[in-house]
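Work through the following exercises with the sequence and the coordinates open beside you. Each task sentence is followed by a solution that goes step by step.

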Amino acid sequence: MTEPANSSYPQGGAFLLEATDCQSVFTPEDFGSEDRAMAQAARDFIDKEIIPKQAELDEKKPGQIAGLARKAGELGFLSVQVPEQYGGLAASKALTCLIEEQLGRTGSFATTCAAHTGIGTLPLVYFGTEQAK
C-alpha cells in the first residue's frame, strides 16, 4: 500500500476525539500484492525460525538470538523504515505495521528487533552523519 503524498492522517490519539474520514483508514483489502508477500515472508520466518526456538530464546540460551537477528536483517525486517539509499526497504507505514504485527508475536525476539531498530538504526537514519549512515 502506497501512502498518498498529500494525505493528512490523524496524529496521536486524535482519532479518538475527532471525526475520522473513511478515506484515511486502511483495511487489509487495501494492501497490494507486494505488501502481502512481504507480510507472508515475515509470517513464514516467525513460524519456521522463531516459534520453534521460543523457549530457548526466552531462557536466554547463549548463541540463539544473534543468528536469528542476522537472518531477520538479511530478509529486510530490521530495515523496513530505512531509506533505500542506505540499504533499507523505505516501506510505507502500513507495511511496517504488517511486519511488526508478525514480529510482535515473538516476545523476547520482538524486543531484540525493536531495540535494534529503535535504539540503533533509526537514530542513525534521523540524526547520523552521511558517513555513519
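This is a predicted model: local features need pLDDT of at least 70, side-chain atom pairs count only at pLDDT 80 or more; totals for chains, interfaces and linings use all residues.

**Exercise 1.** Describe the overall fold by its helices and strands, its extent and its share of buried residues.

*Solution.* The protein has 6 helices and 0 strands, and its pattern along the sequence reads α-α-α-α-α-α. The C-alpha trace spans about 50 × 35 × 30 Å along its principal axes. Of the 133 residues, 30% count as buried.

**Exercise 2.** Locate Leu 75 in the chain and give its separation from Phe 45.

*Solution.* Leu 75 sits in the loop between H4 and H5, and with a relative accessible area of 43% this residue is partly exposed. From Leu 75 to Phe 45 the distance is 8.9 Å, C-alpha to C-alpha, for two residues that are 30 apart in sequence.

**Exercise 3.** How many salt bridges does the whole structure contain, and which parts of the chain does the pair Asp 47 and Arg 105 tie together?

*Solution.* Side chains of opposite charge can pair when their charged atoms come close. The criterion for a salt bridge is a side-chain nitrogen of Lys or Arg within 4 Å of a carboxyl oxygen of Asp or Glu, and a search of the whole structure finds 4 such salt bridges. In one of them, Asp 47 meets Arg 105 at 2.9 Å, N to O. Asp 47 is in helix H2 (residues 33–50) and Arg 105 is in the loop between helix H5 (93–103) and helix H6 (108–127), so this pair ties together parts that are 58 residues apart in sequence. Both partners are partly exposed, Asp 47 with a relative accessible area of 38% and Arg 105 at 41%.

Another salt bridge joins the side chains of Lys 61 and Glu 59 at 4.0 Å, N to O; Lys 61 is partly exposed at 42%, whereas Glu 59 is exposed at 53%. A further one joins Glu 130 and Lys 133 at 3.8 Å, N to O, where Glu 130 is exposed with 55% relative accessible area and Lys 133 is partly exposed with 29%.

**Exercise 4.** Examine the backbone at Lys 60 and at Ala 90, and state where each residue is placed.

*Solution.* Lys 60 has a phi near 60 degrees, which is a positive value in a residue other than glycine. Its place is the loop between helix H3 (54–58) and helix H4 (65–74), and Lys 60 is exposed, with a relative accessible area of 71%. Ala 90, also a residue other than glycine, has a positive phi near 50 degrees. Ala 90 lies in the loop between H4 and H5 and is partly exposed at 44% relative accessibility.

**Exercise 5.** Which residues line the largest cavity, and how is the lining made up by class?

*Solution.* On a 1 Å grid over the protein atoms alone, a cavity is a set of points where a 1.4 Å probe fits but cannot get out, and lining residues have an atom within 4 Å of a point. Grid points are joined across faces, edges and corners, and the volume is the space filled by probe spheres set on the points. The search finds 1 cavity of 30 Å³ or more, and about 30 Å³ of space lies in the largest cavity. Its lining consists of Phe 77, Leu 78, Val 80, Gln 81, Glu 100 and Thr 117. By class, the lining has 3 nonpolar, 2 polar and 1 charged residues, where Ala, Val, Leu, Ile, Met, Phe, Trp, Tyr, Cys and Pro count as nonpolar, Asp, Glu, Lys and Arg as charged, and the others, Gly among them, as polar.

Methods: Residues are numbered from 1 along each chain as its sequence is written. Side-chain values use heavy atoms; hydrogens and water are left out. On a 1 Å grid over the protein atoms alone, a cavity is a set of points where a 1.4 Å probe fits but cannot get out, and a pocket is an open set with protein on both sides within 12 Å along at least five of seven lines; lining residues have an atom within 4 Å of a point. Helices (H or I, at least four residues) and strands (E, at least two) are DSSP runs, numbered from the N terminus. Buried means under 20% relative accessible area, exposed over 50%, partly exposed in between (1.4 Å probe, protein chains only).
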